[in-house]
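Hi,

Here's the structure I said I'd send over. Have a look first, and my notes follow below.

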Amino acid sequence: MIAEFGHFALILAFAVSLYQMTVPMIGAAKGWAGWMDSARPAAMTQFLLVGLSFAALTVAFVTSDFSLKLVYENSHTAKPMLYKVTGVWGNHEGSMLLWVLILALFGAAAAAWGGNLPPSLRARVLGVQASIAAAFYAFIIFTSNPFLRLANPPFDGRDLNPLLQDPGLAFHPPFLYLGYVGLSMTFSFALAALIEGRVDAAWARWVRPWTLAAWMFLTVGIALGSWWAYYELGWGGFWFWDPVENASFMPWLLAAALLHSAIVVEKREALKSWTILLAIMAFGFSMIGTFIVRSGVITSVHSFASDPARGVFILGILTVFVGGGLTLYAARAGAMTAKGVFAPVSREGALVLNNVLLAVAAFVVFIGTMWPLVAELLWDRKLSVGAPFFNKAFTPFMIVLAIVLPVGAILPWKRAVLARALAPLRGALLFAVAVMLLVFAVSTGRSAIAVVGAGLGAWLVAGAVAELIHRTGKSGLSRLLRLPRADWGKAIAHGGLGVTFIGIGLLTAWQVEDIRVAQVGEPFDLAGYQVTLTAVEEVEGPNYISTTGTLQVTRGGREVAVLYPEKRVYPVQAMPTTEAAIDNGIFRDIYLVIGDAQADGGWAIRSYIKPFANWIWLGSILMALGGLISLSDRRYRVAAGARRAAASAVPAE
Amino acid sequence: MKRLALILALLLALPLAALAVQPDEVLDDPVLEGRARQISQKLRCPVCQGENIDESNAAISRDLRLYVRERLVAGDDDTQVVDAVVDRFGEFVLFEPRARGGNLVLWLAGPAMALIALLIAWRFMRGRAAAAAPPAVTLSEAERSRLDEIMRGE
């Protein structure tokens, strides 16, 4: 009964979205205020209805209602409650429902906080947003209905894929979807602006908070996924250049580019048509990501059980929206003329370079991801493109980006003298060189990755600090604290990027690995630590059987940690997983994995020292935090668009 | 076909349930072992979903790891080892496609795009530098009244 209720609510939401995509649009075209304003209650109603539908599915999972096919296929009575709830989106149908829930959430948020938008723009934004929602409701209702019943409900379910039975599932997909779907807002704003035929500083100011929010969520989502892979997959990799990872990385890169180009539109009224194009592309790539995960055209560890019909449907949605968006763009882009005048060496010029680097980097990821498909279509060749390619083809752009970033960030608007702009950065440069020399000294004979990564990271962090000092001038601490939050956000996000660079560089270059058969009670040496396997026990978990090792780690006779790596077997799915045990530290992680019992006694043990591993995610969190601080800037909080005229008269930087 | 590969991978992975490189595979000579690891990270497990043979649990990956080490011990250089594996399984197992023939497009696309983008950006910025400053922006009637409203409100 509750499931049917959920299904019905979803169909009603579909109907509301059909209303919302037409009536307000007509109203905006004809100038009828009532028709335009009806978009707001419609957006709220839509959110309420999808929320009810999602709640109904959650109830089915929580109460283990195996008469629902989806619950039967993805749940089990013995599964811990956390995974019963998160299992709602640990499958194709449920995750699509989460997707439209978030889509409706963003629509409702725009309706709630869009009070200061011009009514016609607001109506069109909500109209475009509803058309996206309608397409995805149709997709769910016609190809991926989560509320299908089974004629003969089985006694128990088939359980969730054990790899997904992890707290990571609670946070990784929701954040990722908040990011993906958040970009639909920028897409809606871009299309609405094209329909209105007007892009100006006010538009950029309205669209930037949404981009910033989407980018922040995407940053957190990707970082969580990377961290999850790090501890769950058993060898401590943090990035695999898997097609689905790439699918989330491309929108991230484009959203980062969009954030920066929207600043130029906002402050200098230039780069308008490029910004609109980026907004269309960023959401386009989000949908390409959905297509890749769900169609199965590209093999990936992340793929849901794929179905060609779904792939075709999503490809259709993708074509209509990206194709439609680009057609509209082609027709209207000419009308958007740049106003700001600036020299190539200026903040604007630096932001253009930022966009070139980020967009080309996204293009490299795109072509690498799609190349196997292209090669198969054109020459019938089956080939692979993986980490070694991306490491070589992608990294150079990031290196150039890191070199230029602190300089670009400090350049004045309009016209700059490079030598003068560089003066505040002398200390930062000195610091970065010192770090490079230090890293070089302690890692002689190793690859250049450590030196380059740590050097660039130090340059970014010190550059961000130098910029804050430069903005403070001579007036000291009180001025520093009164800097606009946008300045703080910028410095923290850029510094965070530097911290991530340091983590990636040092982890890649300095990792120590040891693979051996360990006998119980016999210590072995791991890069200065002594590791002893003291016991191995069979432990029964709620829905798995675990082989748990107890390993004592000491250094110079002092105990550092006792770790319990596990090897689990989930009988329902008959699938083994490894649960690495990690002793987290600021400068290193000790990462232990237990393998099989050996025929002649002892256990296979893999141990790693992972230097600076946590810096990768710490940096990502700092980037997201920078975004959050920037988002809380007064300029966005106070009647964003309404203050346009007053705000643009005062140079805020 | 793909589903078959998946089932195959699971079947092959299950009985062993082994983790990637096993202690008994490791070569005594650390230099050779280091080379073996380097090579294995560039080779794709033929039955898994995008894992390299160094990380994969499948039986065939173990066989391939052992084969790579065998060839190295026999004195092959890195390219010979990789060629031998590609001869058997095709270029599908190469995670880094060879920069030859059609694949040149893949390798050159990034740098070419960067050059084009820089060229366009440079022309745009030259244009911006030469452009005349626009006349001061005037507010529309609606904007002016809205502005008045706000100013009164504060």
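For what follows, axes are lines fitted to C-alpha atoms, for helices over the stretch in contact, and angles run from 0 to 180 degrees between N-to-C directions. Helices (H or I, at least four residues) and strands (E, at least two) are DSSP runs, numbered from the N terminus. This is a predicted model, where local features need pLDDT of at least 70 and side-chain atom pairs count only at pLDDT 80 or more, while totals for chains, interfaces and linings use all residues. Residues are numbered from 1 along each chain as its sequence is written, and chains are lettered from A and ligands numbered from 1 in the order in which they are written.

In chain B, α3 (residues 59-73) packs on α4 (residues 78-89) at about 140°, with the axes 9 Å apart. On the α3(B) side, Leu64(B), Val68(B), Arg71(B) and Leu72(B) make the contact, and they meet Gln80(B), Val81(B), Ala84(B) and Val85(B) of α4(B); contact means C-beta atoms, placed from the backbone, within 7 Å.

Now the two chains: 49 residues of chain A are in contact with 41 of chain B. Several elements of chain A supply at least two residues each, including α14 (387-410) and β9 (588-597), but the largest share, 12 residues, comes from α13(A).

Chain A itself is split into domain 1 (2-335) and domain 2 (514-613), with bounds from an automatic or database domain assignment. Their centres, over C-alpha atoms, are 40 Å apart.

Cheers
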